[in-house]
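Subject: Structure handover

Hello,

Here is the structure you are taking over. Please open it before you read on.

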Amino acid sequence: MHLPKIDYSTKRVLLIESSGNMRSTIVYMLRQLGISNIQAITINSQVLELIKEGSFDIILLGHNSSDHLTGMQLLEESRYLGYIKPGACWIFMTSDASQEVILHAIDSQPDALLTKPFTMEELKYRLDFLMFRKDALRDVDAAVSRGQLDLAVKLCDQVELSGSDYDYVQLVKGRLLLQMNRFKEAEQFFRQHLNQQNEKESGLCLAEAYVGQDRYADAKKLLIKLNKKFPLFLPIYDLLAKVLEYEGDLLPVQDTLSSATRKSPLSLLRQMELGRVAVYTKTLQLAETAYRKSISLGRNSCYRSPEPFLRLANIKRLEMAELPEREQQGLRNQFDELLNTASYQYPKDRSLKVKTALLRSQMSKDLGDLDEANRHLGEATKFADQLPHPVDLKRELLDITGDRLPILDKQPELPPEKTKTATHDPEMSNRVNRLGVKHYLADKIPQAIRYFGLAIENDPKNSRALLNLAQLFLESAKQETLRREERLKMVSRYLRLAERMKLTAEEMQKLAILKECSSLSLDNLPDGSLGALLK
């Protein structure tokens, strides 16, 4: 393939590589390409801040498994934090070409992978190829960054490319249709694309379009076919597991996730999913293995959390139920040790205190000590009242203990006479959300946060309330220094939840604005209130 000549003289490059010799070699190659603006550094704790603040055209990220902080962890965290900007070209470089490393790197979606050592010709070809596409899609990426997805779709049609580059632009356009929840259009688009190209990305996107229309049988049939043809394309496994779970078929879900984790064991999120499903199927040994792997992977991961400790403690609780009383003490000690370790490692996590008290309450109830169970339940209630958002303790307990599969819990299992008090009430949710906006405009921020939380409690799919909460926590993070990190975590949490919802074009634009604001340093946030965004 003949590519047009790329002018690299204006490009700004960040080279991250722990090997001094390799850094020198790559710098020499880049200078031969005409690049003079090169920042070459080793991997350290300041790299993420540099990526966040810097406006780089090209980022070359080296991975060495012996490093304390690896390139893989940097790539994963950059994606998690939203630092990977559409217009930048990310190349992941590794000397470890093992399947588990390559597949895990692909999960974080770099633009390209290079196996070290590589020649100057290989680097130039890869850069030319990527920069040509990036330059062609610059206006599209700019529109996406501004939240103008309708405009981005129209701009895709104006990009004049041919061959594989044209096919790539079409994929970008189709994914934008999915992002805008225009699932019927996306279905027609990707069905035609799949018939023409018969490749995995179009097939996966077509399955996503089916899921968006609740056509799980069609999605399942297609995904099984794709899985046989592309056994190393892990997003197929993830979506297939989701579809099977919606159908209530749990053992195939477990088999699907087990197969994916065998191929790519380094994904903490996938290990946690496997553990969760294995608890529901009572395959406790498999669940324990997955959670222990999650703890190990979480030591230096952006996804590090106390959750695997809690889940592992719950497994010990479940195992105790199968043993006579005289043999339970060893498991009880392990249960206590896991919860104490979680509390020691995450002393500032206030939601952990709620979950720990709930789990201890359930353990006491299992052992027949109702007074102790009620004492711990009282502690959980007290800790929950101190949280900045309301918590449904019953549902939280169900989630921790694995007594019921939340994703299948579409209707509350309540007797007929209690249906009026069910928490799923979209109309009430919208009313409470509007009350939250009124309290915000009256400068009553704590009350506004509470009302938005109640809106979500009445309807967990109220995307407007989720976005409103993200906005308020972002504003309060700027104003309250002492609780800043906690507030920013809540912003990330609510934005991630909102991304999973079916959003209107207006909500998509607000989501894009909030994501852009959350990627800025707090000092660089717009002056004044973001209140005009509230709906």
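Below are notes on its cores, one of its helices, its salt bridges and its aromatic rings.

This is a predicted model, in which local features need pLDDT of at least 70 and side-chain atom pairs count only at pLDDT 80 or more, while totals for chains, interfaces and linings use all residues. Residues are numbered from 1 along each chain as its sequence is written, and side-chain values use heavy atoms, with hydrogens and water left out.

Cores

In soluble globular proteins, nonpolar side chains tend to be buried together. A nonpolar core here is a set of buried Ala, Val, Leu, Ile, Met, Phe, Trp, Tyr and Cys residues joined through side-chain atoms within 4.5 Å. Buried means under 20% relative accessible area, exposed means over 50%, and partly exposed is in between (1.4 Å probe, protein chains only). The largest core has 100 residues, and L30, L60, I91, L127, V140 and L223 touch the most other members. Helix 23 (residues 463–479) supplies the largest share of this core, 8 residues; helices (H or I, at least four residues) and strands (E, at least two) are DSSP runs, numbered from the N terminus. Beyond its neighbours within four places in sequence, L127 is in contact (heavy atoms within 4.5 Å) with Y8, L30, L33, I58, C89 and I91. Another core, of 34 residues, lies apart from the largest one; L310, L331, F335 and V354 are among its members.

Helix 18

Just after helix 18, G368 has a positive phi of about 85°.

Salt bridges

A salt bridge is a side-chain nitrogen of Lys or Arg within 4 Å of a carboxyl oxygen of Asp or Glu. The structure holds 32 of them.

- K134 and D111 meet at 3.3 Å, N to O. K134 is in helix 5 (residues 120–136) and D111 in the loop between helix 4 (99–107) and strand 5 (112–115), 23 residues apart. K134 is buried, at 12% relative accessible area, whereas D111 is partly exposed at 29%.
- R276 and E245 have their closest N and O atoms 3.0 Å apart. R276 lies in helix 14 (residues 268–280) and E245 in helix 12 (residues 234–246), so the pair ties together parts that are 31 residues apart in sequence. Both R276 and E245 are buried.
- K184, E187, R191, R215 and D218 are linked in a network of salt bridges.

Aromatic rings

Rings of Phe, Tyr and Trp (its six-membered ring) pair if their centres lie within 6.5 Å; planes under 30 degrees apart count as stacked, over 60 as edge-to-face and the rest as tilted. The structure holds 5 aromatic pairs. Y125 and F129 are stacked, because their ring centres are 6.4 Å apart and their planes are at 15°. These two residues are 4 apart in helix 5, about one helical turn.

Regards
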